[in-house]
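Hello,

Here is the structure I promised to pass on. Please open it first, then read the notes below it.

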Amino acid sequence: MNALPSRSADPAADETELLPIRELLSYRLHRVANALSRSAALRYRREFDVSLQEWRTIALLGADEPLTVNRLARLAGLDKAQMSRVAAKLAEAGVVEREPGPGRTTQLTLTRGGRSIYHGLIGAANERNNAFLVCLTPLEQEVLDSALRKLATLAKALERSER
């Protein structure tokens, strides 16, 4: 499998060089990310009774609170309406507190119970992370980390150029 298809000057020749979807980097990364997320969702639901969106919200708040709903949505990759629903559910469950922020914003912080859940969740996430890294040598881990940073930077640039 080629990392990148070569391009010739003849557009007709390019038709034969196109990669099928299963070989596209974005598709392969998406499949791996989905598999990782599905197994995480099962564990976090079983052990902590939280959804994947709730886990991400709790983890982001635990790492850097207080956060506004808008900021949390951006960090979690959700739209504001989805994050508002997640935050409302977590507030109703007593996991987060909502407080007025600057202007018309709402700041979210973890409650004492929320912090306890966060510690359990982040511990489980670190266990999973270590289990995945076991199959990579230290050099492969460094290369993967570097490649992911480069891909993230490029993906953001491409997204900006599409607007």
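**Salt bridges and a hairpin**

Start at Arg43, which is buried, with a relative accessible area of 18%. The cut-off for buried is under 20%, so Arg43 falls within that class. Please keep in mind that this is a predicted model.

What does the side chain of Arg43 meet? It meets the side chain of Glu127 in a salt bridge, at 2.7 Å from N to O. Arg43 sits in helix α2 (residues 25-48) and Glu127 in helix α6 (residues 112-133), so this pair ties together parts that are 84 residues apart in sequence. Glu127 is partly exposed, with a relative accessible area of 48%. Exposed would need over 50%.

The contact belongs to a network. Salt bridges link Arg43, Arg46, Glu47 and Glu127. Within this group, Glu47 forms a salt bridge with Arg46. Their closest N and O atoms are 3.5 Å apart. Arg46 counts as exposed, at 59% relative accessibility. Glu47 is partly exposed, with a relative accessible area of 39%.

How many salt bridges are there in the whole structure? A search finds eight. One of them joins Arg149 to Asp145. Here the closest N and O atoms are 2.3 Å apart. Both residues lie in helix α7 (residues 138-162). They are four residues apart there, so about one helical turn separates them. Arg149 is partly exposed, with a relative accessible area of 49%. Asp145 also counts as partly exposed, at 41% relative accessibility.

Now the strands. Which way do β2 and β3 run relative to each other, parallel or antiparallel? They run antiparallel. Strand β2 covers residues 96-100, and strand β3 covers residues 106-110. Five bridges join the two. Take Pro100 as an example: its bridge partner in β3 is Thr106.

Together, β2 and β3 form a hairpin, with five residues between them. Look at Gly103 in the turn. This glycine has a positive phi of about 65°.

For a quick tour, begin with the Arg43 and Glu127 pair. Go on to Arg46 and Glu47, which are in the network with them. Next, find Arg149 and Asp145 in helix α7. Finish at the turn of the hairpin, at Gly103.

Best wishes

Conventions. Residues are numbered from 1 along each chain as its sequence is written. This is a predicted model: local features need pLDDT of at least 70, side-chain atom pairs count only at pLDDT 80 or more; totals for chains, interfaces and linings use all residues. Side-chain values use heavy atoms; hydrogens and water are left out. Two strands pair if DSSP finds at least two bridges between them. A salt bridge is a side-chain nitrogen of Lys or Arg within 4 Å of a carboxyl oxygen of Asp or Glu. Buried means under 20% relative accessible area, exposed over 50%, partly exposed in between (1.4 Å probe, protein chains only).
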